[in-house]
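Notebook open. I want the fold, the surface and the ring contacts of this chain.

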Amino acid sequence: MEKLRRFFREVIAEAKKVSWPSRKELLTSFSVVLVILIVTGLYFFVLDFIFSGVVSAIFKALGIG
């Protein structure tokens with residue numbers, strides 16, 4: 001039981017050492033992540049659109065689809 005208490009005391013001590021970001025830093029980081037997600041999503045959407053068109057054209061040319 002003493003080991004468990006010691007563990008939680010150490011967890012609390014380490015948590016107090018954490019440097020939390022300010023609201024401005026948090027919003028800036030969030031914005032960067034959101035922009036990267038949107039750009040990446042659009043990139044893969046365009047690639048998917050192009051490749052599906054190419055595959056459809058190939059299937060039509062071969063008389064499969």
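Which residue just after α2 takes a positive phi? I looked, and G63 does, at about 75 degrees.

**Ground rules.** I am working on a predicted model, where local features need pLDDT of at least 70, side-chain atom pairs count only at pLDDT 80 or more, and totals for chains, interfaces and linings use all residues. Residues are numbered from 1 along each chain as its sequence is written, and side-chain values use heavy atoms, with hydrogens and water left out.

**Fold.** I looked up the secondary structure and found two helices and zero strands. Helices (H or I, at least four residues) and strands (E, at least two) are DSSP runs, numbered from the N terminus. The radius of gyration is 26 Å, against the 11 Å that the globule rule gives for 65 residues, so the protein is more spread out than a compact globule. That radius is taken over C-alpha atoms, and the rule is 2.2 Å times the number of residues to the power 0.38. I noted the spans of the C-alpha trace along its principal axes: about 75 × 35 × 10 Å.

**Helix α2.** I checked its reach. α2 has 40 residues and covers 58 Å from its first C-alpha to its last, close to the 58 Å expected. The expected span is 1.5 Å times one less than the number of residues.

**Loop.** S22 sits in the loop between α1 (2-16) and α2. S22 is partly exposed at 36% relative accessible area; the class lies between buried (under 20%) and exposed (over 50%), with a 1.4 Å probe and protein chains only. I also took the distance to R6, 16 residues away along the chain: the two C-alpha atoms are separated by 31 Å.

**Surface.** I found 0% of the 65 residues counted as buried. The protein exposes about 6,500 Å², and carbon and sulfur atoms supply 73% of it. The areas come from the Shrake-Rupley method.

**Rings.** My search of the whole structure gave three aromatic pairs. Rings of Phe, Tyr and Trp (its six-membered ring) pair if their centres lie within 6.5 Å; planes under 30 degrees apart are stacked, over 60 edge-to-face, the rest tilted. The F7 and F8 ring centres are 5.3 Å apart with planes at 70 degrees, so that pair is edge-to-face. F7 is partly exposed at 45%, and F8 is partly exposed at 46%. F45 and F49 form a stacked pair, 6.4 Å centre to centre with 20 degrees between the planes. Both lie in α2 (residues 23-62), four residues apart, about one turn of the helix. F45 is exposed at 54%, and F49 is exposed at 61%.

Notes: Areas by Shrake-Rupley, 256 points an atom, 1.4 Å probe, with all protein chains shown as cover.
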